[in-house]
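Please consider the structure shown below together with its sequence.

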Amino acid sequence: MDTHDTTGTLEEALERLHASGPERLGRLTNHAPMVVEALTARGRADAVHRWLDLYRNKLEDFPAPLAPVTDADWREALGDPRRAADWITHFTRALTERPWREVLAVWWPRLLPGMYGGSTHPVIRVGHAVRALEAGENAPRFAELAHGLGYWAARHRPVSGVEPLPAAPDAARSLDAVPPIDDPRGGFPDRLTAVRRLPLWAGDVSDPDTARARLTELVRAATHRYATHGHGQEIMLVHAATAPNAVLRTLASLPRELWAPSLHAAWTASAAVTAMYATAEPVAAVPAPDRTPEEVLEAALAHGDEHVIKLTDTALDVGDGRALAAALRAVELSEPLVPN
């Protein structure tokens, strides 16, 4: 179902969206660039502009710049959401001067420790941008990578002070072993601060190929887990799967020495989200749906919610019945996107 869009629809959509900022209301992410990339990658470019028309009231104008980000002072600007426009300009310039994979290789290890800011949306946006560029290079896709990297730099937020706990041998049981945070109140930033203990799964992995295999396992486990645990928080728990999948999608575009650190950061993100939005009891095992992948995608598109579409995109990467059941569970749990 992964189809390279040759209609120009993705380019039209990205150019339309790059007049908008990466957030709205100062804290909520603009999901539209990720969704339109997912739809075109899945062969549904015909639905892109119709979906954007439904989403357009959630877009805000591009933010005003404050001061240029330079090679001398970029560390001071890291993690400052007021500097989103400055960071996007910085990466736009960098991508005109150097090949995009070189820019990514330089900045990935700088940004990776802070992939937890912005509810992990920045790294997810970068993962979509990289998939688009791997399918075909052009100016709107370069611009989208600049927007994704700039958003990540502006929302850069590390996680520290987490006590490592023993982990199970596999990702699924290690996610089951994640202890809930003690005080599950507030939004993502408050809950992230409350994460104090996490199992250290795959912490000893250093071989790149093993790291890729473990990351693939993690994406599968987190996607499967949504089917039985998604009711803990139907929106936020999507990111336990989509954030590591964004990292997985990016590996092939990165130097191999960055694969193991990417695994470790992705595990922390998935486990932290699991801790932050834990549910007391899972539902009974969800049977595999009697629907094709195409029919599951159509159900997600008809529902329209951005998180539902993105989880479905990840479920299609995983590709088995339990993953498709997770996508349909998101359809069931989430509020549909309706015109305002």
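The model is a predicted one, in which local features need pLDDT of at least 70 and side-chain atom pairs count only at pLDDT 80 or more, while totals for chains, interfaces and linings use all residues. Residues are numbered from 1 along each chain as its sequence is written, and side-chain values use heavy atoms, with hydrogens and water left out.

We begin with the open spaces. The largest pocket holds about 710 Å³ of space. Here a pocket is an open set of points on a 1 Å grid over the protein atoms alone, with protein on both sides within 12 Å along at least five of seven lines; a cavity is a set of points where a 1.4 Å probe fits but cannot get out, and lining residues have an atom within 4 Å of a point. Lining the largest pocket are 37 residues, and R27, L28, T29, S119 and H121 are those nearest its centre. At least two lining residues come from each of β1 (23-24), β2 (28-29), α10 (188-193) and α15 (306-318), with α10 giving the most, three residues. Helices (H or I, at least four residues) and strands (E, at least two) are DSSP runs numbered from the N terminus. The lining of the largest pocket divides into 14 nonpolar, 13 polar and 10 charged residues; Ala, Val, Leu, Ile, Met, Phe, Trp, Tyr, Cys and Pro count as nonpolar, Asp, Glu, Lys and Arg as charged, and the others, Gly among them, as polar.

The second largest pocket contains about 230 Å³ of space. Its lining has 16 residues, with V162, L198, L200, H264 and T268 nearest the centre. Here α13 gives the most, three residues, and the classes are 10 nonpolar, five polar and one charged.

Which helix supplies the largest share of the lining of the largest cavity? It is α11, with four residues. This cavity has about 80 Å³ of space and is one of three cavities of 30 Å³ or more found in the whole structure. Among its lining residues are L175, A222, R225, Y226 and T274.

Helix α11 itself covers residues 208-229 and reaches 30 Å from its first C-alpha to its last, close to the 32 Å expected at 1.5 Å a residue; the expected span is 1.5 Å times one less than the number of residues. At its start, a side-chain oxygen of D207 comes to within 3.2 Å of the backbone nitrogen of D209.

Helix α8 (residues 139-154) is largely enclosed by the rest of the structure, because 13 of its 16 residues are buried, where buried means under 20% relative accessible area with a 1.4 Å probe and protein chains only. I88, in helix α5 (residues 84-97), is also buried, at 3% relative accessibility. Between the C-alpha atoms of I88 and H147 there are 5.2 Å in space, although 59 residues separate them in sequence. Beyond four places in sequence, I88 touches F62, A146, H147, G150 and Y151, contact being heavy atoms within 4.5 Å.

R44 lies in the loop between α2 (32-41) and α3 (48-55) and is buried, with a relative accessible area of 14%. Leaving aside neighbours within four places in sequence, R44 is in contact with L39, R50, L297, E298 and L301.

Key: A polar contact is a pair of N or O atoms within 3.5 Å; within protein, one must be able to donate a hydrogen and the other to accept it, and residues adjacent in sequence count only if both atoms are side-chain atoms. Grid points are joined across faces, edges and corners, and a volume is the space filled by probe spheres set on the points. Buried means under 20% relative accessible area, exposed over 50%, partly exposed in between (1.4 Å probe, protein chains only).
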